[in-house]
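Please have a look at it first.

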2 protein chains.
Amino acid sequence: MYGLIGKMKVVPGKRDELISILIEGTGAMPGCLSYIVAHDAADADAIWVTEVWESQQSHQASLSLPSVQQAITRGKPLIAGFGERFETKPIGGQGLGTRP
Amino acid sequence: MYGLIGKMKVVPGKRDELISILIEGTGAMPGCLSYIVAHDAADADAIWVTEVWESQQSHQASLSLPSVQQAITRGKPLIAGFGERFETKPIGGQGLGTRP
């Protein structure tokens, strides 16, 4: 498995809009086992996205999906910058979706 | 929802053992919607745990479960320290388990 933990800074006032775009655009991605979008508890203009994929290849391939491309185009103007980013290799636990 | 993203430093050579303890001990926690344990991709002695709970209360309550208490007791000697820790408020996405 391949995992990403990343923080985005959001243009002030646009957090909810960006989150909606991210959630809508990522609903049916082959090889995606978990994709969770969250508020940062301490910063009203920051969000976290945690992702688990079958492989780094399935993550890479998702970036070419029309729905993801559209989400990137719509979401980009709402992103003020990127914060911490960690790559992981998930091993197990709860909430890893079955393979599509 | 309530979320945690946290890094642990592991006693060298004990990573797999700690991960097994964490995964086994957290298999049936009421209110837990996601609990994923991962290697850090860059540090062989570090792991990440990402968690999503129905509420902060359900997370707090889990710490009293016998299985979790036992995992804490067994895992503690294998933990060398704690790294980054972020609290979040998950909003949505893929891989959020149904309520038990």
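Let me begin with A:Leu4, which stands opposite A:Glu87 in β4(A). Strand β1 (residues 2–10) of chain A and strand β4 (residues 79–94) of chain A pair in the antiparallel sense over seven bridges, where pairing requires that DSSP finds at least two bridges between the strands, and where strands (E, at least two residues) and helices (H or I, at least four) are DSSP runs numbered from the N terminus.

A word on conventions: this is a predicted model, in which local features need pLDDT of at least 70 and side-chain atom pairs count only at pLDDT 80 or more, whereas totals for chains, interfaces and linings use all residues. Residues are numbered from 1 along each chain as its sequence is written, chains are lettered from A and ligands numbered from 1 in the order written, and side-chain values use heavy atoms, without hydrogens and water.

Stepping back, eight strands close into a barrel with antiparallel pairing, in the order β1(A)-β3(A)-β2(A)-β4(B)-β1(B)-β3(B)-β2(B)-β4(A).

Turning to chain B, the axes of helix α1 (residues 15–25) and helix α3 (residues 66–75) come within 9 Å and cross at roughly 170°, the axes being lines fitted to C-alpha atoms over the stretch in contact, with angles from 0 to 180 degrees between N-to-C directions. The angle therefore makes α1(B) roughly antiparallel to α3(B), a label for angles over 145 degrees. In contact (heavy atoms within 4.5 Å), B:Leu18, B:Ile21, B:Glu24 and B:Gly25 of α1(B) meet B:Ser67, B:Val68, B:Ala71, B:Arg74 and B:Gly75 of α3(B).

How values were computed. Angles under 35 degrees count as roughly parallel, over 145 as roughly antiparallel, 65 to 115 as roughly perpendicular and the rest as oblique.
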